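Thanks for coming. I will go through a few local features of one model, so please have the viewer open.

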Amino acid sequence: SSGINAEYGDLLQILPPHKAERLRERKANLSFCEETEHRERPVTDIKVEDGRLYYERKWYGRYQNVFVESREQGKLPAVIQSICSSDIVVKKITDMTKLKITISQLQKGKFTLKRRS
């Protein structure tokens, strides 16, 4: 990351002032977008029916391939092992360990699920 910032600084010195200013503005907007994108955001529409999970306008079932994302662990490929009214259990593909995610953690945005082919 420091190499990129050094290159960025070099670039600002050789660009004409009006273009360097535009580049600074874009970088400021980009870091603002990155911060807001990674912020934990609440998800209100979550429900469990007939052993399936409704989350982010999609249905998820047992043995479905997903990506589990969290601030601590990043984005991990996993398979849903079980779904019940209070939590779901996924098996991480990377090390085959199981991870219990509560519905509350999904609602608070601590963990997110995305479909995986």
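Start with the contacts of Leu 12: apart from neighbours within four places in sequence, Leu 12 is in contact with Ala 20, Leu 23 and Arg 24, where contact means heavy atoms within 4.5 Å. This is a predicted model, so local features need pLDDT of at least 70, side-chain atom pairs count only at pLDDT 80 or more, and totals for chains, interfaces and linings use all residues. Residues are numbered from 1 along each chain as its sequence is written, and side-chain values use heavy atoms, with hydrogens and water left out.

Leu 12 sits in helix H1, residues 2–14; helices (H or I, at least four residues) and strands (E, at least two) are DSSP runs numbered from the N terminus. Its relative accessibility is 14%, so Leu 12 counts as buried; buried means under 20% relative accessible area, exposed over 50%, and partly exposed in between, with a 1.4 Å probe and protein chains only. Leu 12 and Leu 23 are 11 residues apart along the chain, and their C-alpha atoms are separated by 7.9 Å.

Next, the sheet. Three strands form an open antiparallel sheet in the order S1-S2-S3. Strands S1 (46–49) and S3 (58–60) are at the edges with a single partner strand each, so one side of each has no neighbour in the sheet. Strands pair if DSSP finds at least two bridges between them; S2 (residues 52–55) and S3 have three, in the antiparallel sense. Leu 53 stands opposite Tyr 60 in S3.

Last, Gln 81, in strand S5 (residues 74–83). Gln 81 is buried, at 17% relative accessible area. Not counting residues up to four places away in sequence, Gln 81 touches Arg 62, Val 89, Val 90, Lys 91 and Lys 98.
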